[in-house]
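Hi,

Here is the structure I said I'd pass on to you.

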Amino acid sequence: MVGGFEVGAVPYNPDGWGPPDSTDSLVASSNLPLNVPFAPFSRSDRLGRIADWTRTMNNPGRPKTASDSVFDFTNDDSFPANADEDMSFRLVDGKPPPRPKFGPKWRFNQQRTQLPQRRDEEVKLGSARLRRSGLAIPFSTFSKLSFSVPEPEDLLLCGGLEFYDRAYDRITPKNERRLERFKNRNFFKVTTTDDPVIRRLANEDKATVFATDAILSSLMCATRSVYSWDIVVQRVGNKLFFDKRDGSQLDLLPVHETSQEPLPEAKDDINSAYSLSVEAAYINQNFSQQVLVRDGSKVAFDEPNPFANEGEEVASVAYRYRRWKLDDDMYLVARCEVQSVMEVNKQRSFLTLNALNEFDPKYSGVDWRQKLETQRGAVLATELKNNANKLAKWTAQALLASADMMKLGYVSRVHPRDHFNHVILAVVGYKPKDFAAQINLNTSNMWGIVKSIVDLCMKLNEGKYVLVKDPSKPQVRIYEVPADAFENDYVEEPLAEEDQVQPPGEDENGVTVNAGTDDAEEKVDAASQA
């Protein structure tokens with residue numbers, strides 16, 4: 001005979017559902033088993049199934065652990081812990097952050113600045129949408145190129161030059177000179193197609209390819225570049241124009257570009273790559289005007305400065321419009337600049353003026369104030385290692401302008417944390433050809449790169465393109481863009497919020513740049529840093 005199931009005494013609650021509040025209901029506990037300990041329940045305990053036979057235990061990609069069991073529910077999301085208690089916990093990692101292996105993290109892992117590879121074959125550069133044309137040129141092919149050009153001819157000289165003050169050749173760190181500011185002098189960074197002289201030469205069919213020395217030097221020294229840059233290419237009929245965008249990186253001077261020592265990533269840090277490039281441009285402009293003899297004497301040329309208004313105070317600069325023969329029916333015209341002149345053996349010699357800047361000795365490992373007098377070669381060798389691209393571009397520009405001498409100034413901050421005040425520690429002169437050989441800059445290879453890019457662009461259809469240095473790979477890419485891209489009145493579809501670029505602010509160092517019409521503070525496109 002099967003025994004019955006005894007429920008036991010169930011107290012009756014006349015006031016509603018659930019057990020009664022009266023203590024009389026405790027008589028029901030007399031039916032409970034004896035000597036059973038009472039275990040209080042905590043809200044942190046996770047109660048669930050006794051066993052879960054539906055879990056997959058044969059995942060080869062997941063490592064086995066001691067908790068891999070059908071009876072383990074510690075990772076079961078169906079039993080969340082109390083939210084209030086979880087918010088009170090914080091994980092603290094005591095391990096030091098890993099050091100970057102290859103220099104600045106943002107240089108190689110900057111996702112915002114890299115050109116995204118989209119399925120619809122479209123990418124963005126700044127605020128313009130680009131369509132890929134499928135052309136990519138690795139730097140390894142550039143190193144094998146060689147092309148020789150005959151001596152150029154001067155088509156026109158414009159502007160005026162002041163004489164170089166040789167007293168600056170005797171400056172040492174012990175008798176340093178304070179770097180002055182020249183806010184009243186205007187500097188012009190005019191692109192190729194905005195140059196009225198180049199427009200005139202193009203209408204006269206003086207050449208088929210037109211550019212500036214800044215653009216050509218960027219192409220010639222492309223293999224030494226690490227940061228990204230871009231050049232606008234316009235194919236109009238049988239003519240080719242190489243331009244730069246407004247606010248392009250070509251107007252600034254990179255600092256510590258080829259160094260392995262990482263720079264701060266925050267853009268507003270005074271030692272970030274962006275801040276140092278603006279500071280370097282500010283230093284170069286002021287240095288190029290301070291080392292001149294300011295007695296009012298000036299050497300004038302065929303025509304005045306083509307970008308200055310009448311009565312406007314402009315910086316000492318001469319523009320040499322020069323023509324090179326690239327082929328039987330192909331000529332290249334470029335606007336080249338020299339900043340000063342001096343008399344040598346009763347003959348005038350053209351000079352280019354540039355300045356290297358020291359911002360913090362701990363980044364370079366060489367203190368200029370201690371080493372410039374006794375170990376100047378070691379200082380230059382360190383700069384060649386950390387700023388190989390910038391020095392190569394300066395040398396290329398001096399060669400393009402056929403300058404007789406290039407003067408390099410060594411300018412340092414008064415204090416490492418003061419990026420507004422600087423001193424000139426030394427000025428050294430070099431002959432461009434000798435310096436090019438010293439830094440292993442091959443003239444034939446430089447022109448080989450230019451000739452190959454010109455031949456490639458001449459095969460493109462008429463239109464506008466952008467030549468972009470890849471921000472993470474040693475190569476350049478060519479993208480096709482709309483005909484009105486990068487124009488002042490260019491209007492396009494709004495970008496997604498994550499792709500929007502914040503408008504650049506005023507330059508805190510007061511670097512003055514004139515686009516050819518009105519004076520304006522130099523503005524830098526944030527996306528061009530890609």
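This is a predicted model: local features need pLDDT of at least 70, side-chain atom pairs count only at pLDDT 80 or more; totals for chains, interfaces and linings use all residues.

Below is what turned up, starting with the whole chain and then going into a few spots.

Residues are numbered from 1 along each chain as its sequence is written, and side-chain values use heavy atoms, with hydrogens and water left out.

The chain has 12 helices and 18 strands; these are DSSP runs numbered from the N terminus, helices being H or I with at least four residues and strands E with at least two. Of its 530 residues, 47% are buried (under 20% relative accessible area, with a 1.4 Å probe and protein chains only). Take the contacts (heavy atoms within 4.5 Å) between residues at least 6 apart in sequence: 73% of them join residues at least 24 apart.

Now for helix H4, residues 196-203. Val-197, Ile-198, Leu-201 and Ala-202 are buried there. Why are they on the same side of H4? Because they cover an arc of only 135° around the axis, taken from the directions from the helix axis to the C-beta atoms. The cover over these residues includes strands S3 (153-161) and S5 (209-212). At the N-terminal end, Asp-195 caps H4, with a side-chain oxygen 2.9 Å from the backbone nitrogen of Val-197. After H4 comes Asp-205, which has a positive phi, near 55°.

Leaving out residues up to four places away in sequence, Lys-393 touches Ser-217, Ser-218, Cys-221 and Leu-250.

Last, the rings. There are 9 aromatic pairs, counting Phe, Tyr and Trp (its six-membered ring) with centres within 6.5 Å; planes under 30 degrees apart are stacked, over 60 edge-to-face and the rest tilted. Trp-324 and Trp-447 are a tilted pair, because their planes are at 45°, with centres 5.3 Å apart. Trp-324 is in strand S9 and Trp-447 in helix H12 (residues 443-458), so this pair ties together parts 123 residues apart in sequence. Trp-324 is buried at 3%, and Trp-447 is buried at 5%. Ring pairs also link Phe-188, Phe-307 and Tyr-319 into a cluster.

Cheers

How values were computed:
Buried means under 20% relative accessible area, exposed over 50%, partly exposed in between (1.4 Å probe, protein chains only). A polar contact is a pair of N or O atoms within 3.5 Å; within protein, one must be able to donate a hydrogen and the other to accept it, and residues adjacent in sequence count only if both atoms are side-chain atoms.
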